[in-house]
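Visitor: I would like to learn how to read a model of this kind, feature by feature. Could we begin once the structure is in view?

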Amino acid sequence: MEDFLKTLPQHTCSWSKGTVTFYKYQGFWNIQDFLEGEIIAQQSFKAQPNDIFLCSCPKTGTTWLKALAFAIVTREKFNESTSPLLTTMPHECIPFLEKDLKQIEDNHKNSSFPLVATHLSYTSLPESVISSDCKIVYIYRNIKDVINSNHHFIPAALNIPMEDVSFKETFDEFCQGISWYGPYWDHILGYWKASQERPGRILFLKYEDMKKDPKSNVKKLAEFIGYPFSVEEENAGVVDNIIKLCSFDKLRNLEVNKTGMHRPEDFPIENRLYFRKAEDGDWENYFTDEMKRNIDNLVDQKLSAGLNVT
Ligand code: A3P
């Protein structure tokens, strides 16, 4: 692997004090650990027809989507008082393609649990996923809030003091496409083009729209993945209860998400870092007018598709 990595374009983030090197593979940047998982998944993962993929770039609302999808799929077994989400961080509830192949294979053999999460771009998905009819849900978010969320998350995950990290540098790197699983616009475009070519296969959810109108988006999600709510369930408040259970305030204040650790063995990150502010427009506290102009121009150039990400 080390020899292979040397053949790839690479970029070490200076603010990371040399600890974060991104490698560009198949058009997208990734860190070594996740890139290894990506390649293994590409070589060996066999999608099953019932698999449902939850796909996203990091910091776009992945944790929320995972919680909602998990609560929807498991609602016959658990309710808002018994859900594993109360004691398990959402990322641990759904296996991750780049890291948890064994668990996904076990699910294929032993259970009917259909959810699989990935940050891979569409074109980097294992061939068996692309050629299958599996459902794909893709969440995306305002690019400025994604940059801001990245800026806070990665240094904190690496225990680098925020005062040592320059927002300008994160911003410039992001605009060059260098970010975790970036370029962000190409990530979105890949799924968007695939959704145009095969209508009905990919559901696009926008983080900000979900916040504005969680109910209709959660119903849309449930319907799309094949777990629609019945009228009786709706009347009994099941949809509202799922929304409450998965809300930022509820999840953030759970003991597991305040003090627990995600992947303590191989890639430890404090759970609390996944629940920062969840405020739309927090970017305004960090962007200069020039940054705003630059990113708006960049998005105009790169994303002519009918998706609004600014
Ligand atoms: P901020 O950094 O802007 O606060 P991801 O889950 O893809 O890593 O995205 C993380 C972002 O989603 C963070 O944004 C985080 O606060 C927000 N978030 C986490 N859980 C959420 C929830 N249940 N509802 C809404 N936003 C949530």
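Visitor: How many bridges join strand β4 to β5?

Guide: Two strands pair if DSSP finds at least two bridges between them, and here strand β4 (residues 52-56) and β5 run parallel, joined by four bridges. Within this pairing, isoleucine 52 stands opposite leucine 115 in β5. Helices (H or I, at least four residues) and strands (E, at least two) are DSSP runs, numbered from the N terminus. This is a predicted model, in which local features need pLDDT of at least 70 and side-chain atom pairs count only at pLDDT 80 or more, while totals for chains, interfaces and linings use all residues. Residues are numbered from 1 along each chain as its sequence is written.

Visitor: Which residues of strand β5 are buried, and on which side?

Guide: In a regular strand the side chains alternate between the two faces of the sheet. A residue is called buried if 20 or more other C-beta atoms lie within 10 Å of its own, exposed if 12 or fewer, and partly exposed in between, with C-beta atoms placed from the backbone. In β5 (residues 115-118), Leu115 and Ala117 on one side and Val116 and Thr118 on the other are all buried, which leaves both faces of the strand covered.

Visitor: In what order do the three strands of the open sheet come?

Guide: The order is β1-β2-β3, with antiparallel pairing. Because β1 (10-12) and β3 stand at the edges with a single partner strand each, one side of each is left without a neighbour in the sheet. Neighbouring strands are turned by 30° against each other on average, direction ignored; axes are lines fitted to C-alpha atoms, for helices over the stretch in contact, and angles run from 0 to 180 degrees between N-to-C directions. Four bridges hold the antiparallel pair β2 and β3, and tyrosine 23 stands opposite asparagine 30 in β3. Helix α2 packs on this sheet, touching β2 and β3, and its direction makes about 115° with that of β3.

Visitor: Which residues of α2 are buried?

Guide: An α-helix has 3.6 residues a turn, so residues three or four places apart point the same way. In α2 the buried residues are Leu35, Gly37, Glu38 and Ala41. They lie on the same side of α2 because they cover an arc of only 160° around the axis, the arc being that of the directions from the helix axis to the C-beta atoms. The face turned away from this buried side carries the exposed residues Gln43 and Ser44. The buried residues pack against β2 (21-25), β3 (28-31) and α5 (101-110), where contact requires that the C-beta atoms of two residues, placed from the backbone, lie within 7 Å.

Visitor: Which residues of helix α8 are buried, and what do they pack against?

Guide: In α8 (residues 167-175), Thr170, Phe171, Glu173 and Phe174 are buried. Their arc is only 165° around the axis, which puts them on the same side of α8, and they pack against α7 and α16 (289-302). Glycine 177, which follows α8, has a positive phi, near 90°.

Visitor: How many residues surround the ligand, and which helix gives the most to this shell?

Guide: A residue is near a molecule if its C-beta atom, placed from the backbone, lies within 6 Å of it. The ligand is surrounded by 22 residues, the closest being Thr62, Thr63, Ser149, Arg276 and Ala278. Helices α3 (62-73), α7 (143-157) and α14 (248-252) each supply at least two residues of the shell, and α3 gives the most, with four residues.
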